Structures are given as C-alpha cells and as structure tokens.
Number of protein chains: 2
Amino acid sequence: MIPFNKPFLTGKEAHYMYDAVHTGKLSGNGKYTQKCQKWFEETYGFGKCLLTTSCTDALEMAAILIDIQPGDEVILPSYTFVSTANAFVLRGAKLVFADSRKDHPGIDESSIEALITPKTKAIVPVHYAGVACDMDIIMDIAQKYGLFVVEDAAQAIDSYYIGRDGVKRALGSIGHLAAFSFHETKNIISGEGGMLAINDLQFAKRAEIIWEKGTNRSSFFRGEVDKYGWVDVGSSFLPSEVIAAFLWAQFENIQDIQKRRCTIWNTYYNELTSWAEKHEIRMPFVPDFASNNAHMFYLVCKDVEQRTRLIDRLKSNSILAVFHYISLHKSPFYEGKHDGRNLPESDRYTDCLVRLPMYYDLEQEQQELIIKVLLDEK
Amino acid sequence: MIPFNKPFLTGKEAHYMYDAVHTGKLSGNGKYTQKCQKWFEETYGFGKCLLTTSCTDALEMAAILIDIQPGDEVILPSYTFVSTANAFVLRGAKLVFADSRKDHPGIDESSIEALITPKTKAIVPVHYAGVACDMDIIMDIAQKYGLFVVEDAAQAIDSYYIGRDGVKRALGSIGHLAAFSFHETKNIISGEGGMLAINDLQFAKRAEIIWEKGTNRSSFFRGEVDKYGWVDVGSSFLPSEVIAAFLWAQFENIQDIQKRRCTIWNTYYNELTSWAEKHEIRMPFVPDFASNNAHMFYLVCKDVEQRTRLIDRLKSNSILAVFHYISLHKSPFYEGKHDGRNLPESDRYTDCLVRLPMYYDLEQEQQELIIKVLLDEK
C-alpha cells in the first residue's frame with residue numbers, strides 16, 4: 001500500500017529528544033523551545049513566536065488575544081479544518097463563512113467586504129495548501145474597518161506572498177497574528193504541535209502570560225516582577241521539551257525537506273497536466289503573488305462521481321488518496337447557526353477535491369505508479 | 001545545589017519514543033496513547049480515560065463536558081494552582097472560593113454547602129499533595145443539590161480514599177470527572193501531560209468528540225458512522241505519540257517510583273517530627289480516610305517570617321525549598337471579582353507553607369544534609 005502520508009524523520013529527532021531528557025528540564029519553555037522560537041522568528045521575520053501543543057491551540061491563543069466576546073463576528077472560509085472555526089466558537093464568536101475562490105480553495109477575497117457588520121472583529125484567511133491568500137486586499141479591508149487579521153498558516157510554513165509593493169513576505173508575518181501546525185501530515189512535524197506568530201507586538205506581553213496559564217511567570221524569571229501570580233485568563237499552551245527537541249531536528253533540515261517535496265510536486269504537475277485537461281480535472285493553481293511550499297498536491301475533479309472513481313481506482317492499485325474538508329456551513333454542528341447563504345465553491349471543493357500521496361519518502365517508482373494509474377483513466 | 005525537583009527517568013523513555021517515531025504514527029491517539037489510557041483505566045478503576053497535553057487541558061475538557069455557561073458558579077479552593085480556576089473561567093464561570101481545612105490545605109468540606117446558590121453547577125475539590133478530600137461529604141452535597149464533581153487530581157496519582165462504606169477507591173475515580181497531571185514536577189511525568197478520567201459514562205461519547213476537535217472521527221474509525229464531520233465544540237486535546245511513549249516508560253515503573261518516594265517522605269517525617277513540634281511548625285497531615293502517595297513533603301511554619309528564615313537558611317546551604325500558591329481570591333486577576341469573604345486558612349498556607357526537595361534521585365546523604373540544616377535551627 002502506498003499511504004497518503006508518511007511522517008518524515010531527519011534522523012536526529014531521537015538524538016535531540018534524548019538530549020532534552022538528559023538536561024533534566026522536560027516541561028515547557030526550555031532550551032529547545034527557545035531555539036525553535038528564535039529560529040522561526042529570525043528565519044521568517046515574525047515579531048515574536050511561541051511554541052504551542054497544536055495549531056488549534058495557537059488559534060485559541062489568537063482568539064483570546066484579540067479578545068473575542070460572545071456575539072463578535074469572525075469571517076473565515078467554510079472550506080477549512082474545524083480548528084479554524086472552533087478556536088473562535090470556544091470564545092462565543094458567531095462565524096460568518098465566506099466562499100472559496102473559483103480558481104483556488106482559499107477564501108474569496110472579493111467576497112469579504114460584503115460580510116462585514118458592526119460586530120465583525122476579525123478575518124481569518126487560511127493559506128490553503130500553503131498558497132497565499134491575496135493579503136493586500138485582506139489587510140486593506142481590515143485597516144478600513146478596524147479588524148484583526150489572524151492568518152491560519154497551518155499548511156503554510158516556508159511559503160511567501162509578494163505584495164503589490166513587490167516585497168516578498170513569509171506567510172504568517174503579515175496579519176496581526178498567525179498560527180502554524182506541525183501535525184504529522186505537515187511539511188515540518190512534531191507529531192502534534194504548533195506555533196503562534198505575533199506580528200502586532202501590542203500582543204506580545206499578554207501572549208506570554210496566556211501561554212503560561214495566565215501567570216506573569218516569564219516576567220518573574222526575567223526579574224521584571226518580584227513574585228508571580230494569576231493576572232489573566234490562560235491555559236497550558238506550551239508543549240513538553242521533547243516535542244520541541246523533535247521539532248528542532250526538523251527545522252535544521254527544512255531546506256532538504258522542501259527541496260524533495262518540490263521535486264515530487266513538480267513531477268506530479270508536469271506529468272498530469274495534459275491528462276487533467278483532457279478529463280476536465282483542474283490542477284492546483286498558484287497565483288502570481290504566491291509561492292508554492294509543496295505542502296499538498298491536489299486535483300479538482302469535474303464532479304463527485306469522477307472523484308469517487310479516481311479514488312477507487314487508486315485504491316484498487318493499493319494507493320491511498322483522500323479528500324477533505326466538508327463545508328463547515330453544512331456541518332451538523334453549524335448548519336443551523338449559518339445564515340443560509342449558499343457557498344457553491346466551498347461545496348464544489350468538498351465534493352471534487354482529492355489529494356494525492358505526498359511525502360518526503362515517496363519513492364520515484366511509487367510516484368510513477370500513481371501517475372500511471374491516473375493516466376490509464378479512459 | 002540540591003534542586004527542589006529533578007525529573008526522574010526510568011531509562012526506557014528514549015527507547016519507547018524511538019519506537020513510536022519508527023512506527024510512523026506520531027500524531028495523537030496511537031499505540032502508546034491507547035496503552036496508557038487502558039493501563040490507567042484498569043489499574044485505578046476509572047470508567048474511561050483520555051490522554052491530554054496537560055492537566056489544564058483535562059480540566060478544560062471537564063468544563064466543556066459539564067456545559068459550564070457564563071454565570072454558572074463553580075466552588076473550588078482558593079489555595080490551588082491557577083489551572084483549576086482558569087479552566088472554568090474560560091467558559092465564563094463565576095468562581096466561588098472555599099477556604100482550606102485547618103489541618104490540611106485541601107478544601108474545607110464543611111464550608112461547601114453554605115456556598116451553594118441556584119447558579120452552582122460544580123464542585124472542584126483538589127487533592128492537595130495527593131491526599132484525599134473527604135469525598136463522601138462532597139459527593140453527598142453534590143447529589144443533594146444536583147451538582148457535578150470534578151476532582152482535580154493533578155497531584156493524586158496512585159492515591160486512595162477510604163469511604164464510610166470501608167471501600168478503598170482511587171482518587172479520580174469518585175467524582176463525575178477527574179484530571180491528572182504528568183508535569184515534570186509530578187510523581188509520574190511526561191514533561192507536560194495530563195489525563196481526563198471519566199467516571200460518569202454519560203460523558204464518554206462527547207468527551208471523545210471534544211478531544212478530537214469537535215469531530216466524530218473516533219466513531220468513524222470504529223465504523224459507527226460512514227463519514228466524519230464537525231458535530232460539537234472541541235479542541236486538540238490529544239498529545240503527540242512521543243509524549244505517550246515517554247509516559248508508558250513511567251507507568252511501567254510506578255511501583256518502584258512510589259516505593260522510593262515513600263522512603264524519602266517517611267525519612268523526612270520521622271526525622272523532623274520532634275523538631276517541628278518544638279518550633280511550632282506543622283507536619284503534613286494525612287487523615288484516616290486518605291492514603292499518602294508521597295507526592296510532596298511540605299511543612300507549615302508558624303508565620304511568614306519563620307518560613308523566610310527557613311528558606312534562606314536552606315538556600316545558604318545550597319538547598320532549594322520553595323513555596324506556593326498565592327490565594328487565588330487575592331490574585332491580581334480575581335481579587336476584584338471575589339465576593340469579599342475572608343479565607344484565613346488559605347492565606348495562612350500562602351504565607352507559611354514550604355516544600356522540601358522531593359524526588360526519586362534525592363540521595364540519602366543529600367536528604368541527611370537537608371534534615372541536618374533544618375535541625376540546626378535554634
């Protein structure tokens with residue numbers, strides 16, 4: 001069986017975890033946590049980074065930081081993972097779902113402004129497949145209406161946006177806050193794991209407090225206060241040092257990882273373009289303003305039947321291709337709370353998008369087999 | 001320097017983490033997560049267990065499960081870690097702080113009933129130092145008023161309560177829900193980590209959903225539903241498999257760990273009793289209905305000055321003794337929201353309690369030195 005995903009190990013993970021274990025500091029915010037945060041800040045130009053137990057938790061921190069109150073509205077795409085939505089629902093937000101672009105599963109930037117009301121507090125663009133949303137449009141709207149932008153950059157490590165000023169900026173460095181994932185299905189992994197990037201530094205101090213269970217423990221250890229106590233809401237958002245140690249081995253090898261993933265992605269793209277056109281299947285689209293971090297190789301079939309046939313044929317050849325997401329505005333949990341607008345593009349991706357196996361250790365002959373099975377389609 | 005705490009390693013942690021890494025399943029709910037949960041359920045008689053990224057997260061799951069709504073009241077001791085409180089504050093609860101017992105830092109069970117109002121939803125007893133609260137009293141009150149009981153068993157692994165029926169029950173198996181910690185300062189550790197124990201099985205199905213980000217993914221993998229989606233609020237409460245693998249090495253050695261800790265605890269107790277009496281210092285108290293899991297060795301000084309002198313003298317002999325907690329009803333965050341009642345016992349423990357170094361690897365001669373420095377008190 002060719003799996004859909006296989007976590008890649010650089011070979012140093014166990015070594016660094018062993019080192020962390022033997023330093024005798026195993027709870028959060030130790031040596032490896034600080035190394036990972038510093039590397040992330042310096043490599044991508046984020047204001048301040050805090051390692052979290054998951055991208056979900058980084059989004060929850062963002063929702064607390066922008067002070068979401070019951071009834072506040074948050075605009076986000078319907079075609080996304082549940083955590084994008086849950087983080088804000090947990091604070092009492094009303095979700096206002098936007099449709100996806102026709103040419104890409106990301107949020108339709110042109111549809112956002114019409115969704116704004118006096119209760120709107122934030123826009124949460126999701127950089128689907130690591131491909132940038134048009135951040136100039138989104139940041140302009142946010143500025144015009146005084147909204148916060150939280151980038152859901154779960155899939156978007158090492159990917160970029162080129163703004164109309166011609167400057168290339170890392171995804172996650174543009175909004176006020178951003179959340180990354182290191183789940184085992186991502187380019188860079190720690191099993192479960194995430195990172196909050198804080199670009200609007202008005203949030204930096206409070207973020208550290210919320211991260212440390214609502215205490216000013218970090219200030220205490222820096223000698224800024226003479227005792228620490230409970231000063232705010234918070235949670236235990238920081239992961240164990242062994243998670244950070246594992247992640248460090250991945251960060252060290254990011255260039256190699258990204259190069260290999262790009263090779264696999266480009267092979268799919270080059271080999272499947274003509275076939276896809278013939279069968280009215282759409283290839284992944286990367287706008288001029290976006291880079292491609294080779295997180296995912298997806299296809300958009302012409303209808304659900306075609307997708308089912310494609311998945312079944314791959315499966316009968318021992319190849320696992322999967323689909324996701326189910327439009328959140330049609331989910332059992334939120335359908336009754338949604339305002340009733342149709343979001344046809346979101347529904348189309350729900351029915352038609354399929355992801356091909358995509359991981360570092362995918363061997364050349366395995367990829368050739370996958371491509372051959374697809375090309376054999378009548 | 002003799003530290004206050006030193007994480008103990010059984011020697012198998014790195015081995016199991018290595019094994020987890022090489023199984024290729026690194027995200028949550030893999031082989032080691034299931035082994036840990038099953039072991040915990042079977043060893044202590046919990047209804048169902050779910051591994052979490054922290055005890056804080058287990059408490060947050062409990063708050064969601066009992067459906068805390070803004071304005072609901074939760075009764076808890078003021079003398080506790082902030083997470084006991086934060087988990088409920090995050091759901092909008094009003095905290096109603098109870099005082100501690102005169103003979104023990106745990107909640108004064110006799111004070112609870114007077115704090116109940118029509119808005120009370122839950123009682124959260126904390127088994128301080130792993131020593132049981134009088135659960136018969138608490139469960140009777142809960143039943144009388146239709147309240148939920150969430151045991152904060154952060155420190156209470158492998159500790160027991162003997163009820164008036166003479167039956168010995170594991171702490172965490174008595175309330176509707178319970179939360180355990182595997183933070184590096186606990187008897188059994190995974191750096192950061194926790195476990196939710198579910199005894200009232202009406203919560204079992206929903207707990208699994210909330211744990212899996214509000215999706216019915218677990219049901220899907222068991223074949224109970226044909227697709228999975230967003231059905232409830234939730235978060236990413238489940239830790240990486242490497243955390244579970246680490247924890248497994250600890251569970252395997254719990255008997256050895258507990259035996260060693262008890263030896264250290266008993267040495268302190270036997271050597272310090274006469275000295276403490278002479279200096280009006282109170283020794284740790286274990287009621288007849290409770291067992292002692294040797295989580296912590298604490299002393300209660302006669303006043304804050306005596307405590308400061310004691311900590312300073314230990315420090316000048318390179319021994320680190322620490323105090324905690326600061327009464328939550330007097331914290332910067334909650335003081336203005338507290339109803340103004342004095343909680344003198346809580347304040348007394350805040351001022352007078354001190355914890356001595358207590359960990360598996362504390363050597364005999366180190367402990368002798370600590371005791372000697374204390375006994376030298378004029």
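Buried area, as I use it here, is the accessible area (1.4 Å probe) that two parts lose on being put together, summed over both.

**Entry 1: ground rules**

I am working with a predicted model, where local features need pLDDT of at least 70 and side-chain atom pairs count only at pLDDT 80 or more, while totals for chains, interfaces and linings use all residues. Residues are numbered from 1 along each chain as its sequence is written, chains are lettered from A and ligands numbered from 1 in the order in which they are written, and side-chain values use heavy atoms, with hydrogens and water left out.

**Entry 2: the two domains of chain A**

Between them, domain 1 and domain 2 of chain A bury about 3,400 Å², with 56% of it on carbon and sulfur atoms. On the domain 1 side, Tyr79(A), Phe97(A) and Asn187(A) lose the most area to domain 2, together 20% of what that side buries.

I then counted contacts (heavy atoms within 4.5 Å). In chain A, 44 residues of domain 1 are in contact with 36 residues of domain 2.

For polar contacts I took a pair of N or O atoms within 3.5 Å; within protein, one must be able to donate a hydrogen and the other to accept it, and residues adjacent in sequence count only if both atoms are side-chain atoms. That rule gives 29 residue pairs across the interface of domain 1 and domain 2 of chain A, both residues at pLDDT 80 or more.

Which elements of domain 1 give two or more residues to the side that touches domain 2? I noted helix 2 (31-44), helix 4, strand 3, strand 6 (160-162) and helix 8 of chain A. Helices (H or I, at least four residues) and strands (E, at least two) are DSSP runs, numbered from the N terminus. Strand 3 of chain A brings the largest share to that side, five residues. By class, that side of domain 1 has 26 nonpolar, 10 polar and eight charged residues. My classes are Ala, Val, Leu, Ile, Met, Phe, Trp, Tyr, Cys and Pro as nonpolar, Asp, Glu, Lys and Arg as charged, and the others, Gly among them, as polar.

**Entry 3: salt bridges**

My cut-off is a side-chain nitrogen of Lys or Arg within 4 Å of a carboxyl oxygen of Asp or Glu. Between domain 1 and domain 2 of chain A I count one salt bridge. Lys102(A) and Glu345(A) meet in a salt bridge through their side chains (3.0 Å, N to O). Over all chains, the search of the whole structure finds 44 salt bridges. Lys102(A) sits in the loop between strand 3 and strand 4 (120-123) of chain A and Glu345(A) in helix 11 (residues 344-352) of chain A, so this pair ties together parts that are 243 residues apart in sequence.

**Entry 4: chain A against chain B**

Next I checked the chain pair: 58 residues from chain A and 58 residues from chain B take part in the contact. The area buried between chain A and chain B is about 4,400 Å², and carbon and sulfur atoms give 69% of it. Leu90(A), Glu192(A) and Trp230(A) supply 18% of the area that chain A buries against chain B, more than any other three residues.

How many salt bridges are there between chain A and chain B? I found zero. Polar contacts do cross the interface of chain A and chain B, with 20 residue pairs (both at pLDDT 80 or more). The elements giving two or more residues to the chain A side are helix 1 (13-23), helix 3 (55-65), helix 4 (82-89), strand 3 (94-98) and helix 8 (241-251) of chain A. By class, that side has 30 nonpolar, 19 polar and nine charged residues.
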